[in-house]
Amino acid sequence: MVSTLLKALLAVVIGLGALLLATSAALWPATSRDAAGLDPAGLAFWTALCLVAAGFPVHTPRGSMVNVSFAPIIAVAALGGPTAAGIVALIGTIELRELRFEVPWYGSLYNHAATVIPAVAAGITFQLLAPGSFQTGSLMSLVAVSASGCVYFAANEVLTAIAIALRDAKLFRVLLVGSIKAFGVSLLGLAPVAWLMAEAYRSIGPLSVLVFALPLYTTRTAYASVVEIRDMFTQTVTALASAIDARDPSTKRHSEWVSRIAEDIGRVLGLGEGQLEELKWGGLLHDVGKIGIPDAVLLKAGSLDKEERERMNEHPRKGHDILKGVKKLAPELPIILHHHEWFNGSGYPDRLVGEEIPFLARILHLADAFEAMTRPRPYRLIPLTTAQALAELHAFTGIQFDPRVVAAFEKTEWAKGAVRIDRDEDPADEVSIPMLGQVAALRAKGVTANSSPAEAH
Ligand SMILES: [Fe+2]
Ligand SMILES: [Fe+2]
């Protein structure tokens with residue numbers, strides 16, 4: 001279902017795109033038969049080139065797509081003006097999946113409006129900086145093409161990020177910054193290529209432009225590699241997390257849920273893309289040290305004796321030591337090491353107090369506890385309801401949990417009960433665990449990490 005806000009946005013952007021293109025057509029004719037602009041054959045040539053460039057998009061993890069149509073569109077903005085750029089952006093970005101009706105019509109229209117508006121704006125920018133026809137060998141043309149590229153990139157990214165933020169209920173700022181960081185430099189790096197394409201077209205002729213197919217192809221390959229490596233990393237980490245959780249049937253998918261809850265708390269707190277990613281990886285890997293805990297302790301149905309408890313409490317440090325050789329995971333190490341520290345200093349392994357505990361570890365600690373409380377465990381067969389778990393969090397605010405993190409958690413969908421941790425498991429995987437624990441809360445100050453019902457084991 002498309003939300004009302006999203007529908008309104010679609011209508012406004014599509015309407016704006018149509019209006020802008022119509023106004024531009026009245027001011028700057030799309031084609032011109034003199035050397036100043038593009039003739040109809042030229043317009044067709046650039047449209048065909050754009051179709052090829054846009055025909056092989058790379059799917060990004062954020063739900064958008066990136067392609068190299070940037071270069072031909074900016075070249076046309078310089079050679080043919082705003083209307084020609086708008087037309088090439090409108091027709092030249094048609095994709096096969098649209099012709100196969102795999103994209104809803106309103107999605108298609110929005111996507112095209114989100115390229116037409118930036119393309120016309122890029123053409124206007126060029127005209128403002130270098131009025132009239134494209135001058136070959138002029139430094140001003142290069143400056144104007146670069147500025148047009150920036151305008152196109154910014155407008156396109158903003159329109160794409162707004163739509164994804166509304167569609168997927170994600171933070172606009174996080175999406176925009178993430179996209180700019182991932183693709184900004186390489187896309188803007190295509191601006192000089194666009195200028196060279198325009199130069200070659202005007203000085204030598206259309207066929208010479210085809211030489212630039214190679215740099216465009218390598219840029220597209222680079223995008224694909226970035227996405228592929230990231231996907232591979234995500235899948236490997238997720239598989240590792242599943243392997244850890246699978247050792248104990250009562251913690252199946254525990255790390256995945258913890259990661260999701262922690263990320264949502266981070267979003268409420270307005271954390272940036274980088275920190276959200278640290279919470280994601282940290283959540284998935286926080287219990288990796290349990291690999292080193294013997295089955296006799298990890299899978300023990302009854303309560304642990306002192307020695308067994310000490311073995312179990314080694315898992316944050318073991319996890320830290322296992323992963324410290326992975327350079328890419330260096331920011332997650334403090335989260336993994338300190339995810340069992342308590343706000344009052346009675347946690348482990350280092351008994352850090354309050355602000356001494358890394359902030360992201362405090363977030364992960366709450367996510368870990370909430371997941372543990374609302375899922376069956378050997379020590380508490382009947383899970384707590386969301387309301388009961390919230391009561392525990394409140395009771396231990398300032399003792400076990402950072403008050404700021406509790407306040408943020410209360411604003412998430414998890415706390416409202418809108419998202420449930422479904423077991424989503426095969427009935428065959430269910431195990432009967434004798435109920436050995438109890439739900440009674442220890443609210444007195446001074447309780448330790450080994451005695452709280454809100455402590456994840
Ligand atoms: Fe843990
Ligand atoms: Fe955990």
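Is Arg267 exposed, partly exposed or buried? I looked this up before anything else. Arg267 has 18 other C-beta atoms within 10 Å, so I noted it as partly exposed; buried would need 20 or more. I was working on a predicted model throughout.

**Entry: Arg267 and its surroundings**

I placed Arg267 in helix α11, residues 254-268. I then listed its contacts, leaving aside neighbours within four places in sequence. Leu171 and Leu276 came up. Arg267 and Ala408 are 141 residues apart in sequence, and their C-alpha atoms are separated by 9.0 Å.

**Entry: the chain overall**

I stepped back to the whole chain. I counted 19 helices and 2 strands. The chain has 457 residues, and 42% of them count as buried.

**Entry: α6 against α7**

How do the axes of α6 and α7 cross, and at roughly what angle? I took α6 as residues 139-168 and α7 as residues 172-188. Their axes come within 9 Å and cross at roughly 145°. I recorded the crossing as right-handed.

I went through the residues that meet. On the α6 side I found Gly149, Cys150, Phe153, Glu157, Val158, Ala161, Ile162, Ile164 and Ala165. On the α7 side I found Phe172, Leu175, Leu176, Ser179, Ile180, Leu187 and Leu188. By type, the residues of this contact divide into 13 nonpolar, 2 polar and 1 charged.

I had one general point in mind while reading the α6 list. An α-helix has 3.6 residues a turn, so residues three or four places apart point the same way.

**Entry: Ala161**

Beyond its neighbours within four places in sequence, Ala161 is in contact with Phe172, Leu175, Leu176 and Ser179. These residues are on the α7 side of the contact. Ala161 and Phe172 are 11 residues apart in sequence, with 5.9 Å from C-alpha to C-alpha.

**Entry: the nonpolar cores**

Which residues touch the most other members of the largest nonpolar core? I found Ala71, Ile73, Ile74 and Ala194, out of 61 residues in this core. I then asked where the core comes from. The elements that give two or more residues are α1 (4-27), α2 (40-54), α3 (70-92), α5 (105-129), α6, α7, α8 (190-203) and α10 (213-246). Helix α3 gives the most, with 15 residues.

Leu276 was already in my notes as a contact of Arg267.

**Entry: helix α17**

I checked the length of α17, residues 359-373. At 1.5 Å a residue, its 15 residues should span 21 Å. The end C-alpha atoms are 22 Å apart, which agrees. I then checked burial. In α17, 14 of the 15 residues are buried, so I wrote it down as largely enclosed by the rest of the structure.

**Entry: backbone exceptions**

Most residues other than glycine have a negative phi, and most peptide bonds are trans. I looked for departures from this.

Which residues does a cis peptide bond join? I found Tyr348 and Pro349, with omega about 10°. Pro349 is in the loop between α16 (333-337) and α17.

Arg351 lies in the loop between α16 and α17. Its phi is positive, about 50°, although it is not a glycine. I counted 15 C-beta neighbours inside 10 Å, so Arg351 is partly exposed. Leaving aside neighbours within four places in sequence, Arg351 is in contact with Gly345 and Ser346. Arg351 and Glu341 are 10 residues apart along the chain, and their C-alpha atoms are separated by 6.1 Å.

Phe101 also has a positive phi, about 60°, and is not a glycine. I located Phe101 in the loop between α4 (96-99) and α5. It has 9 C-beta neighbours inside 10 Å, so Phe101 counts as exposed.

Methods: Residues are numbered from 1 along each chain as its sequence is written. Chains are lettered from A and ligands numbered from 1 in the order in which they are written. This is a predicted model: local features need pLDDT of at least 70, side-chain atom pairs count only at pLDDT 80 or more; totals for chains, interfaces and linings use all residues. Axes are lines fitted to C-alpha atoms, for helices over the stretch in contact, and angles run from 0 to 180 degrees between N-to-C directions. Helices (H or I, at least four residues) and strands (E, at least two) are DSSP runs, numbered from the N terminus. A crossing is left-handed if the near helix is turned anticlockwise from the far one by less than a right angle, and right-handed if clockwise. Two residues are in contact if their C-beta atoms, placed from the backbone, lie within 7 Å. Ala, Val, Leu, Ile, Met, Phe, Trp, Tyr, Cys and Pro count as nonpolar, Asp, Glu, Lys and Arg as charged, and the others, Gly among them, as polar. The expected span of a helix is 1.5 Å times one less than its number of residues. A residue is buried if 20 or more other C-beta atoms lie within 10 Å of its own, exposed if 12 or fewer, and partly exposed in between; C-beta atoms are placed from the backbone. A nonpolar core is a set of buried Ala, Val, Leu, Ile, Met, Phe, Trp, Tyr and Cys residues joined through C-beta atoms within 7 Å.
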